Amino acid sequence: MDLSVITNNNVKNAIAALQSGDRSWYNYFTSNPTMTDDGNPKDFHDFFNHALGKEKFLTIDKVENNGKSITGDFDAGMWGTFKVYFKFHENSEGKFDRLDIGQVSKLN
């Protein structure tokens with residue numbers, strides 16, 4: 001999959017780590033980032049300790065918000081495959097302090 005469509009380098013590198021199941025994924029985030037899944041608060045580390053290496057994007061269909069919002073088809077392991085959004089929130093140090101994810105059909 002071509003990640004060059006992602007215009008924010010930190011997002012591109014984080015997604016590359018997610019795609020390969022690389023634990024460097026965590027390096028792009030603050031120590032305790034806020035996370036939501038379909039609007040529901042989740043524990044970031046608990047969520048990705050289970051998802052990393054098992055879940056990944058199959059396509060990237062849309063990139064918005066200066067490269068910090070990604071939409072595409074996603075393989076969520078035992079949950080199936082569906083269209084999702086990832087919205088990264090970057091702090092002044094260039095780390096992500098919040099990640100909002102969810103199914104596009106549930107996006108308001």
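These legends describe close-up views of a predicted model. Residues are numbered from 1 along each chain as its sequence is written, and side-chain values use heavy atoms, without hydrogens or water. Local features need pLDDT of at least 70 and side-chain atom pairs count only at pLDDT 80 or more, whereas totals for chains, interfaces and linings use all residues.

**View 1. The largest nonpolar core has 26 residues.** Such a core joins buried Ala, Val, Leu, Ile, Met, Phe, Trp, Tyr and Cys through side-chain atoms within 4.5 Å; buried means under 20% relative accessible area (1.4 Å probe, protein chains only). Helix 1 (9-20) is among the elements giving two or more residues. Helix 1 supplies the largest share, five residues. Helices are DSSP runs of H or I, at least four residues; strands are runs of E, at least two; both are numbered from the N terminus.

**View 2. Phe44 and Phe48 lie four residues apart in helix 2.** Phe44 is buried at 2% relative accessibility. Phe48 is buried too, also at 2%. The rings of Phe47 and Phe48 are edge-to-face, because their centres are 4.9 Å apart and their planes at 70°. Rings of Phe, Tyr and Trp (its six-membered ring) pair with centres within 6.5 Å; planes under 30 degrees apart are stacked, over 60 edge-to-face, the rest tilted.

**View 3. Gly72 sits in strand 5 (residues 69-75).** Gly72 is buried, at 0% relative accessibility. Beyond four places in sequence, its contacts (heavy atoms within 4.5 Å) include Phe57, Asp61 and Val84.

Conventions:
Buried means under 20% relative accessible area, exposed over 50%, partly exposed in between (1.4 Å probe, protein chains only).
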